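I opened a notebook for a structure that was new to me. These are my entries on what I looked up.

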Amino acid sequence: MRGLVRETRLSPSELVYPLFVTVGEDVRNPVSSMPGVFQLSINHAVAEAKRAHDLGVPAVLLFGIPAEKDEAASGAYDPEGIVQLATRAIKDAVPELIVITDTCLDEYTSHGHCGVVDKNTGEILNDVTLELLARTAASQVESGADIVAPSDMMDGRVAAIRSELDNEGFQNTLILSYAAKYASVFYGPFREAAQSGPKFGDRRSYQMDPANAREALLEVELDVEEGADIVMVKPALPYLDVVRRVKETTNLPIAAYSVSGEYAMIKAAAQNGWLDERAAVLETITGIKRAGADIIVSYHAPDVARWLSA
Ligand code: PBG
């Protein structure tokens, strides 16, 4: 009876599973603040992608940890860069799995910021960064990425990436833009996982103030005008009102990113025996979907898929 009148139904088909890919052979480094999450060398990333796919998860989101970082973030757009190699390997092994690549420079810059930094003023140089982001997106798609996901929040990045992809003949590649990305404490564990914390300053000049919701609608509007195909709100849990409001203002698919800190909170409580992990995760994912998300990015994606089919 309850099933018949249930308003929100979960399915593995709406989940995206983030993976951290690192250089080296046979590497499986645990991320201490995210129990169950690992930095994986390509062979292990392929195996993990395959496991997720077998459970019914349709897509992975790749983050790269390069061997070297520099001021120009050259590892981000290197045709032999870590994400490019991982994308090829995953598409070779599991062609039906959708590969989404994080298009951002922060994992590749020596200072850990999402853009090129002016040596004299310490400011992020928006337009120089756009060129590098567009190059990064094109090289990821060249390697087989199905969707690129710019996560940097630079002004004009969606338009810059769209025009570069169109010029390169990739008119059909989708852009999932992190349209409303808040300056959030909940990215903390990710910065350990991706080894990408800023070495100085913070990201408040290019990420949004948690106090603002209407600003998110403005950011979404700009990204939609620039050609975004899917818009994302991030983090998810503290911003469900934003997910709902974005849903009401656009007809594009909405994604919500349940970020590293959200994962870590549930894991920590579960490990202490304070919460039932399965129930907590399913309730959380239900809430995110009820708020209006069509696509949910979660480090729990394979677990959710398994629990739903059990
Ligand atoms: C930037 C990026 C970040 C996350 C996804 N893409 C980090 C940041 O902005 O500091 C965070 C995701 C998470 O916390 O799970 N490349």
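**Ground rules.** I am working with a predicted model, where local features need pLDDT of at least 70, side-chain atom pairs count only at pLDDT 80 or more, and totals for chains, interfaces and linings use all residues. Residues are numbered from 1 along each chain as its sequence is written, and side-chain values use heavy atoms, with hydrogens and water left out.

**Cores.** I looked for nonpolar cores, meaning sets of buried Ala, Val, Leu, Ile, Met, Phe, Trp, Tyr and Cys residues joined through side-chain atoms within 4.5 Å. For burial I used relative accessible area: buried is under 20%, exposed is over 50%, and partly exposed is in between (1.4 Å probe, protein chains only). The largest core holds 75 residues. V60, L62, L165, V242 and V246 have the most contacts inside it. A further core of 27 residues lies apart from it, with M34, I100, Y187 and V259 among its members.

I then picked V242 and listed its contacts (heavy atoms within 4.5 Å). Setting aside neighbours within four places in sequence, V242 touches A180, Y182, A213, A216 and V233.

**Salt bridges.** How many salt bridges does a search of the whole structure find? I counted a side-chain nitrogen of Lys or Arg within 4 Å of a carboxyl oxygen of Asp or Glu. The search gives 14. Helices here are DSSP runs of H or I with at least four residues, strands are runs of E with at least two, and both are numbered from the N terminus.

- R51 pairs with E48, with the closest N and O atoms 2.8 Å apart. Both sit in helix α1 (residues 42-54), three residues apart, about one turn of the helix. R51 is partly exposed at 36%, while E48 is buried at 12%.
- R162 pairs with D166, and here the closest N and O atoms are 3.2 Å apart. Both belong to helix α5 (residues 157-167), four residues apart, about one turn of the helix. R162 is buried at 13%, and D166 is partly exposed at 30%.
- R306 pairs with D303, the closest N and O atoms being 2.8 Å apart. Both are in helix α11 (residues 301-309), three residues apart, about one turn of the helix. R306 is partly exposed at 39%, whereas D303 is buried at 15%.

I also noted a network: salt bridges with shared partners join D152, R157 and D223. D223 belongs to helix α7 (residues 214-226). Is D223 buried or exposed? D223 is buried, with a relative accessible area of 2%. Leaving out neighbours within four places in sequence, D223 contacts R157, V158, S177, Y178, A179 and A228.

**Largest pocket.** On a 1 Å grid over the protein atoms alone, a pocket is an open set of points where a 1.4 Å probe fits, with protein on both sides within 12 Å along at least five of seven lines; lining residues have an atom within 4 Å of a point. The largest pocket has about 230 Å³ of space. Of its 17 lining residues, Y17, G36, F38, E48 and R51 are the closest to its centre. β1 (15-22), β3 (38-40), α1 and α11 each give two or more residues to the lining. By class I noted 11 nonpolar, two polar and four charged residues in that lining.

Technical notes:
Grid points are joined across faces, edges and corners, and a volume is the space filled by probe spheres set on the points. Ala, Val, Leu, Ile, Met, Phe, Trp, Tyr, Cys and Pro count as nonpolar, Asp, Glu, Lys and Arg as charged, and the others, Gly among them, as polar.
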